Each structure stands twice: as C-alpha cells, then as structure tokens.
Amino acid sequence: MSSHPALTERALSVLARQVGTARSEWRRRWLSYVPTVAFVVLATFAAVTSDAFLSQGNLSNLFKQIFTNGLISLGMLVVILSAGIDLSVGATVALAGIVAAGLLNMLPWPIAIPLAVAVATVAGGLNGTLVAWFRLPPFVATLATMSAIRGFVYVVSETPITPNESAFRQLVASNVGPVPTVAIFMVGCFLLVSFFLRQTTMGRAIYAIGGNEEAVRLAGINVRAHVMLAYLISGMFAGLAGVILASRVGIAQPSVGAGFELDAIAACVIGGASLAGGRGSVRGTFAGVLLLGLISNLLNLYSVQAYYQQIFKGALIVLAVLARRREG
Amino acid sequence: MSQAVAPASVPPRLEMRGISKRYDATIALRAVDLVMQPGEVHALAGENGAGKSTLIKVLAGAVGRDAGTIKIDGSETELPSPHAARQAGIRVVYQEFSLVPHLSVAENILLGQLPSRAAGVWIDWKAAARRASAALESLGFDVPDVRRPVASLPVSQRQMVEIAKAMLQQPRILVLDEPSAVLSGGDLDRLFSAVRSLRDAGTSVLYVSHRLDEVFQIATRITVLKDGALVGTVDASAIDQPGLVRMMVGRELAEIYPRRSATPADPLLQVRGLSRPGVFSDVSFDLAPGEVVGVFGLVGSGRTDVVRAIFGADRSTGAMVLDGQTYRPRSPGDALSRGVAMLSEDRARDGLILQMSLRDNMSLPSFSRMSRYGLISRLQQTVLVRDEMAEVGVRAPSIDAPVRRLSGGNQQKVVVGKWLLRGARVLLLDEPTRGVDVGAKAEIYRIIATLAERGKAILLVSSELPEILGMSDRILVMRGGRLVGEFARSEATEERLLAAAAGVVEEDAA
C-alpha cells in the first residue's frame with residue numbers, strides 16, 4: 001500500500017471528483033423531487049393521524065379520484081411539451097362520455113367504447129388542425145374548440161344519458177387483488193407515455209419542437225405532423241377519461257368536465273413542466289397528479305370545505321413554479 | 001502609458017483596480033485593472049471566456065465584485081445595482097437588446113421619460129416623435145418612421161435604436177458590447193462617427209469587439225484580457241493586428257487559417273438563375289467537391305436568402321442540379337435527404353434546442369439511422385453521436401449535457417456534427433464564426449478545411465473579409481440581391497471585394 005501512495009492519491013481524487021459531480025448534480029436536481037417528497041410526507045402524515053386514510057375504501061376512492069385527472073394530465077403534458085396548451089379537454093371528457101353512453105345502448109362495449117374514444121381523438125385532431133395548419137395560437141384554438149365541443153355535447157343530448165349496460169361498468173369497478181383495475185390502467189398509460197417521450201423519435205421530436213420549432217423544421221422533421229400528434233394524444237386521453245368516468249358514475253352528464261383542463265395544467269406545472277414548452281416529465285406530472293389528489297382527499301377526510309382545497313391548490317402551483325426558478 | 005491621453009492632474013474617468021470575481025469554483029476575474037480617460041475610446045479585447053462580459057457586468061452594476069475598487073472621476077463608487085450604475089452615468093448597450101418589441105421606436109428611445117402635458121397625464125406624442133427623430137438624426141442614423149414598432153425593423157436598425165437610447169442620456173461612460181455584430185459597412189461608419197462625436201463631447205466609450213480591424217479603427221487604447229486576467233493595456237498605435245492576436249491567444253494570426261489546396265473537380269452543385277421575387281434574382285454558380293466558395297456581401301445583400309433557398313427553407317425559382325440530377329428542394333427535409341445541409345447565422349434560433357442534450361441535438365435529423373419502427377436504439381445513438389463528437393472535436397462534460405452549457409465554439413461544432421451525421425455532402429455555412437472567439441474560430445476553420453479535404457462542397461457566407469479571404473478558393477460577391485462579382489483567391493483583395501459589395505466603381509482596376 002505504502003509503495004503506491006501516488007496511485008491511492010489518484011484513486012482518491014477520482015472518487016472525490018465523482019462525489020463532487022454527484023453532489024452538484026443533486027444540488028441542481030433536488031427540486032425536481034420536491035413534489036414526490038411532499039407526497040410521501042403528506043401520505044405518511046395522513047396514515048399516522050387518520051385511521052380512515054389507509055382503509056381500503058378510502059385508498060381506492062383516492063385512486064378513482066385521481067385517474068380522471070391522471071389521464072387528462074398525461075395528454076396535456078404531451079401538448080405542453082410541444083409548447084402548446086389544450087383547454088378543450090374538459091369538454092372532450094363530456095363528449096366522450098355522452099357518445100359512449102349513447103352507443104352503449106346500441107352496441108356491445110368493445111365496439112362502443114373505442115368508438116367514443118375515437119370521437120374524442122377526432123376532437124383533438126380538430127385542435128391539431130387549427131394549431132398546426134391554420135397557425136392559430138394554441139390557447140385561442142382550444143378556447144374556441146372548448147366552447148364548440150361543449151355546445152356540440154348539449155346538441156347531442158341536453159339531458160344525462162344512463163347507459164343500459166353492465167359488462168364495461170363491472171370492468172371499470174373491478175379490482176385486481178386489492179388494486180382497482182383503473183389504477184393499473186392509469187399507471188400503464190404513464191409508463192407507456194414515458195417510454196414514448198423518451199425512446200421514440202416522435203417523442204423526442206415533440207420535446208424538440210417545444211424547445212425550438214425552427215431548429216426542428218430545419219432538421220428536416222415534419223413539425224406539423226408532430227404537433228398534430230400531440231393534440232391527437234391529448235384528445236384520446238381526455239376521451240379515455242371521459243368513458244371511464246361515465247361508466248364509474250353510471251351516468252353521462254353533458255355538463256361534466258368543466259374546469260378539468262385547469263387541474264390537468266396544474267398537475268403538469270407542479271410536476272415541473274414549462275408552459276413555454278420543451279421541459280417537463282412524466283414522472284413529475286405523476287407526482288403532481290398524486291399530490292393534487294392526495295390534498296383533496298386529505299382535506300375531505302378532515303372535512304375541510306372544498307373552497308380551502310382551491311386555495312391550497314393555488315398556493316401549491318405558485319410554490320412549485322417558484323421552486324423551479326432556482327433550478328439551473 | 002496611462003498618461004498618454006490626459007495630463008496626470010485630471011483624474012481618470014474610470015479607474016477599476018484589482019477587480020476579482022468568482023462564480024463557485026470558476027474564477028471569472030483575477031485582479032483586473034481598467035483605466036479610461038475622459039473622452040477616450042477604449043477597446044476591450046479577449047477571447048470568449050476571457051472575462052470581458054463579467055467585467056462589463058461589474059461596471060454595469062449587474063454583478064457584484066468580490067474584491068477591487070472602482071473610481072469614477074476620482075471618487076470611489078460602489079455600484080451595487082444597475083440603478084446605481086445609471087446614476088453614476090454608466091450606460092451599457094448589450095448584445096441582447098433591451099427593447100420592447102411592440103412599442104414604437106420613439107417610445108423605446110424615450111422609455112421612462114416620454115414628454116407629457118397637463119402635469120404628466122397626457123403623453124405629447126408629437127414632441128416624443130420629434131425628440132426621438134432628432135436623437136437618431138444627430139447620430140446620423142436613418143430610421144424611416146419613429147412611430148413604427150421596433151419589431152418591424154431589421155436587426156441592424158434595432159441596434160441603432162438601442163444605441164440612440166443609450167446615447168440620449170449623454171452618459172459619462174458608454175459601453176458598447178459587440179455593436180457591429182449586426183451592422184454592415186455603412187451603418188458601422190455611422191456608428192463610428194456617432195461614437196467619435198460622443199467622445200469629443202467628453203464621454204468615455206468602452207468598445208468591446210471580436211473584430212480587430214474595428215478595434216484599430218476606433219480605439220486609442222486597448223485592454224486585453226485572457227483567462228480572467230489582465231494581459232495588458234496598450235496604445236493602439238503601438239501594436240498591429242498580429243501583435244494583438246498574440247496578446248489575446250498567444251498564437252500567430254497566420255496559424256488561424258489552415259493551409260489547404262483544392263484540386264479542381266466537376267461541380268457537385270450547379271445553380272442556374274435562382275431567384276426569389278423581391279429578394280434576389282438570377283443567381284448562378286457552381287460548387288465542386290473539396291471546394292470552399294466564399295460569398296461576401298453587406299447585410300441585406302441577399303446572401304442569407306440565397307442559402308436558405310438552396311436549403312429549401314424558402315421557395316425560389318430557377319434551376320439547380322445536384323450530382324447530375326435535378327435538385328428542387330421543397331423543404332429542408334428534401335435538401336437533407338439529398339445531402340445538403342445549412343449552418344445558420346443564428347445558432348440559438350435555427351440550429352440548436354438549447355435545453356436539450358447534445359445527444360438529442362446531434363441525432364435529431366438522423367433518427368432514421370438509429371431507430372427502427374420509431375423506437376430509438378440508445379446504444380446505436382450513443383455510438384454514432386460519440387463518434388461524430390470525436391470527429392468534429394466537441395468538448396463537453398457528457399453526451400447528455402444540455403447544449404446551453406457549452407461554449408459558442410462547441411455549440412457550433414455540435415451543429416456541424418449534426419449535419420455530418422446526417423450524411424451532408426454540400427454544406428451551406430452562414431456566418432459560421434459569428435459570436436465565437438478567436439481560438440474557437442481557428443478550430444472551426446480547421447474543421448472546414450478538413451471537411452473540404454474529405455470532399456465536401458462548402459459554401460461559406462461571411463461578412464468578415466479576412467475570413468472570406470483566408471478560407472475561400474473562389475469568392476462570389478453579392479449586392480442588392482444579385483451576384484456582382486467572382487474572384488479567384490489569388491486575385492481577391494479586401495479592397496476589391498468591398499468595392500464590389502458596396503457598388504463602388506474600381507478606378508484603377510484594368
């Protein structure tokens with residue numbers, strides 16, 4: 001040992017440098033874990049202080065509360081990454097629900113449900129057309145379709161539709177072991193989109209468009225097609241949320257979904273997505289969805305008025321963005 | 001030497017002594033001195049990363065210093081904030097403009113001091129327009145209508161608005177950070193005469209520029225920084241360009257341009273009668289493999305537009321033949337698939353996605369080479385990107401580092417590497433060294449030379465004459481959207497190129 005002091009010293013310096021790198025990497029990135037950590041802390045707090053929190057009834061309730069926002073946020077994230085926004089998702093949820101409920105009274109669910117989701121995807125395609133081809137600002141385009149889709153839903157059915165069907169309802173209400181099937185479905189969707197954004201050329205292109213559209217165009221990539229894709233994905237996930245929500249509640253309301261778009265945007269932002277595009281992650285959005293869901297669940301458990309939940313949500317969004325600002 | 005301009009009895013306008021600044025582990029400035037006399041034009045030179053911007057920011061009150069004293073007209077000043085610096089009579093015109101794009105020229109120039117009536121309730125727009133026009137005219141700047149929004153002006157005119165805004169305050173110290181980056185010949189002359197009249201009125205001007213010829217044209221003394229330390233302050237008359245470069249990089253100017261010789265070959269790209277209505281017309285030339293053809297012209301001569309048309313980024317008419325086959329790109333994608341790539345003038349805007357990694361940036365146009373059914377093979381991607389990084393000599397902490405953390409020179413190499421990875425044979429380089437320091441420039445020139453040696457056909461657009469002369473085998477000159485001259489390397493001189501570009505008739509040319 002003592003015959004190789006230089007070697008030991010070199011090894012030590014390499015080690016020190018690695019520790020240094022890891023530390024500075026951590027210093028830069030710890031903020032991105034804040035939502036996750038906040039979730040764990042809150043959940044622990046809830047488990048310790050409330051007997052009701054860990055009851056199976058409450059937990060599956062929690063999952064059922066978050067899957068709607070979870071699915072919508074996932075689509076919203078893809079649009080936000082492309083430097084867009086989709087305000088029409090709430091109306092699309094109602095559209096898919098009404099269409100699904102109507103079709104379920106005529107067709108078996110393996111046909112009716114995909115059809116309803118397809119209709120929602122077409123609605124997303126409308127957004128994509130307005131943004132990618134007619135170059136409307138995404139906020140304006142989806143504000144317009146939000147209104148138009150909602151109106152269309154009421155034209156189709158002014159009154160709630162109750163589907164006369166049980167197979168799909170049972171599927172939505174079922175559990176795999178102790179876990180609700182919809183929770184597994186939602187987690188599956190998150191993994192899928194995470195893979196899509198990381199490992200596929202289309203996913204990377206969407207990130208890149210949000211970062212610098214001109215550079216992507218000059219790289220010979222079809223920008224329009226990818227922007228279109230982002231809105232199609234958003235419409236599809238809103239549609240999935242809509243059909244599952246309608247089946248869970250057992251009734252399709254034309255008025256459902258108002259304000260859902262804001263919850264989805266909130267989840268993305270809390271999870272670290274930048275509304276300027278190009279920045280954001282599936283992991284962060286997942287944490288944002290969980291955190292928002294947990295907070296409303298907790299405040300319900302402690303029977304705090306719903307209005308306070310909204311104040312909380314507002315504060316959380318501001319805190320999340322302030323925390324991000326310190327990131328390098 | 002510091003007594004060269006003013007007698008010793010008058011205190012210097014600005015006396016910065018022992019200025020030090022460190023960011024975390026990086027030392028940005030190491031006990032730097034800078035002394036300016038009243039009514040002096042003083043140049044600040046040095047490579048990127050030499051500490052120029054940090055020194056300017058300290059002077060502007062934008063960053064605090066760790067050590068050192070600052071005296072203005074003999075009295076010690078703290079400069080804790082940009083506001084304090086303004087109070088002390090210091091104005092800085094940065095490279096990134098601080099203009100409000102949707103407000104008019106007049107409002108921008110008079111921001112915060114618009115003339116008003118009725119005790120400050122109504123804005124007196126007529127008076128505002130008059131004062132703004134007067135300010136521009138006194139500088140000899142030609143801005144058509146001060147009521148137009150700034151966003152509608154070309155970049156060179158925006159620069160003048162920015163400068164007029166700073167000069168209107170009659171500052172004691174005016175700092176111009178790379179003002180010529182977007183100005184061409186005539187505008188630059190007007191800027192210089194404005195600077196001179198300001199100097200004669202007693203303002204001290206600190207002129208920061210990469211362009212050495214400008215430094216010698218305008219400055220009486222030059223302070224050179226390197227690696228955050230002071231190399232020295234010299235009288236401009238006591239040193240020549242090679243000497244200054246030696247001070248900046250510790251290297252000879254001649255070594256900057258690599259020696260290379262082109263062997264004549266059949267043209268790879270033939271351009272015939274290329275036109276874009278209202279922008280350029282009837283542009284014809286050939287480009288052979290292994291050849292570097294320089295395109296020189298003043299800002300607005302249409303050189304960039306020609307390049308964009310060849311790249312398929314803009315529509316055009318005319319005929320082009322690439323490798324013996326008709327070439328009619330309808331989009332950059334078409335051009336790339338035929339092996340034509342462009343390096344744009346504005347890397348950050350057109351070439352890079354700053355917050356994304358090197359890996360993503362370099363592989364973006366080449367996804368088809370590293371993916372199957374839309375799935376990216378990470379391994380293949382890593383191998384291809386790593387190889388290309390080594391090829392063009394990108395220095396980066398890791399393949400996953402965001403490109404925004406790389407230096408200007410390294411960023412430019414990323415863009416070159418990205419196109420080579422895509423299999424480019426014709427490279428359209430539009431101002432490839434804009435905003436990079438002398439050291440990185442030399443490296444980019446070496447890459448260009450290597451590319452030419454490997455048989456790439458290179459069109460080099462530049463407004464820097466030494467660069468055009470140093471790198472090109474042939475030189476095309478554009479003026480007003482037309483090709484007005486073609487010179488072989490041997491017959492081209494700075495004077496002849498400039499005369500052709502400016503439309504001056506050569507009197508003594510045969």
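## Interface between chains A and B

In this predicted model, 19 residues of chain A are in contact with 22 residues of chain B, two residues being in contact if their C-beta atoms, placed from the backbone, lie within 7 Å. On the side of chain A that touches chain B, α9 (201–211) and α10 (213–218) of chain A each supply at least two residues. The largest share, six residues, comes from α9(A). Helices (H or I, at least four residues) and strands (E, at least two) are DSSP runs, numbered from the N terminus.

By class, this side of chain A has eight nonpolar, seven polar and four charged residues. Ala, Val, Leu, Ile, Met, Phe, Trp, Tyr, Cys and Pro count as nonpolar, Asp, Glu, Lys and Arg as charged, and the others, Gly among them, as polar.

Residues are numbered from 1 along each chain as its sequence is written, and chains are lettered from A and ligands numbered from 1 in the order in which they are written. Because the model is predicted, local features need pLDDT of at least 70 and side-chain atom pairs count only at pLDDT 80 or more, while totals for chains, interfaces and linings use all residues.

## Overall form of chain B

Chain B contains 17 helices and 24 strands. Its division gives domain 1 (1–89 + 172–255), domain 2 (100–170), domain 3 (256–339 + 425–503) and domain 4 (350–424); the bounds come from an automatic or database domain assignment. The centres of domain 1 and domain 4 of chain B, taken over C-alpha atoms, are separated by 37 Å.

The C-alpha trace of chain B spans about 70 × 55 × 50 Å along its principal axes. The radius of gyration of chain B is 24 Å, which agrees with the value near 24 Å for a compact globule of 510 residues; this radius is taken over C-alpha atoms, and the globule rule is 2.2 Å times the number of residues to the power 0.38. Of the 510 residues of chain B, 49% count as buried, that is, with 20 or more other C-beta atoms within 10 Å of their own, C-beta atoms being placed from the backbone.

## A six-stranded sheet in chain B

Six strands of chain B form an open sheet of mixed pairing, in the order β18-β21-β22-β15-β23-β24; two strands pair if DSSP finds at least two bridges between them. β18 (340–343) and β24 (482–488) of chain B stand at the edges with a single partner strand each, so one side of each has no neighbour in the sheet. β18(B) pairs with β21 (residues 426–430) of chain B in the parallel sense over four bridges, and Leu343(B) stands opposite Leu429(B) in β21(B).

Definitions and conventions:
A residue is buried if 20 or more other C-beta atoms lie within 10 Å of its own, exposed if 12 or fewer, and partly exposed in between; C-beta atoms are placed from the backbone.
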